[in-house]
Amino acid sequence: MARKPSSRADHVLFDVVYEDGTRKSNRRVPADILGGLDGDEPARAEIQAQDREIAERSGMPPLEIKSLKRSGAKG
């Protein structure tokens, strides 16, 4: 029998635009670090940490984030 989908999302997806104009869609951030007084700002730190890890593995410098918004958000 198939599992029922969870009503609570474990991750939130973000679209990220970098300073060089590149865009990455659907970057995953744990939902439990978001909300509260900081809103979505903790997502920036989490994505930067992911980017640093990717940069270490690839030998390329990490890119600076220009903006980020939840995937599927208008505006």
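Modeller: A residue is called buried under 20% relative accessible area, exposed over 50%, and partly exposed in between (1.4 Å probe, protein chains only). The structure above is a predicted model, in which local features need pLDDT of at least 70, side-chain atom pairs count only at pLDDT 80 or more, and totals for chains, interfaces and linings use all residues. Residues are numbered from 1 along each chain as its sequence is written, and side-chain values use heavy atoms, with hydrogens and water left out.

Colleague: How does Val17 count on that scale, buried, partly exposed or exposed?

Modeller: Val17 counts as partly exposed because its relative accessibility is 27%. By contrast, Arg27 is at 13% and therefore counts as buried.

Colleague: In which strand is Val17 found?

Modeller: Strands are DSSP runs (E, at least two residues), numbered from the N terminus. Val17 is found in strand β1, residues 11-18, and Arg27 lies in strand β2, residues 23-30.

Colleague: In what order do the three strands form the sheet?

Modeller: Strands of a sheet pair through backbone hydrogen bonds, either parallel or antiparallel. Two strands pair if DSSP finds at least two bridges between them. Here the open sheet has the order β2-β1-β3, with antiparallel pairing. Its edge strands, β2 and β3 (65-70), each pair on one side only. Between β1 and β3 there are five bridges, and Val17 stands opposite Ser67 in β3.

Colleague: With which side chain does the side chain of Arg27 make a polar contact?

Modeller: A polar contact is a pair of N or O atoms within 3.5 Å; within protein, one must be able to donate a hydrogen and the other to accept it, and residues adjacent in sequence count only if both atoms are side-chain atoms. The partner of Arg27 is the side chain of Gln50, at 2.9 Å.

Methods
Helices (H or I, at least four residues) and strands (E, at least two) are DSSP runs, numbered from the N terminus.
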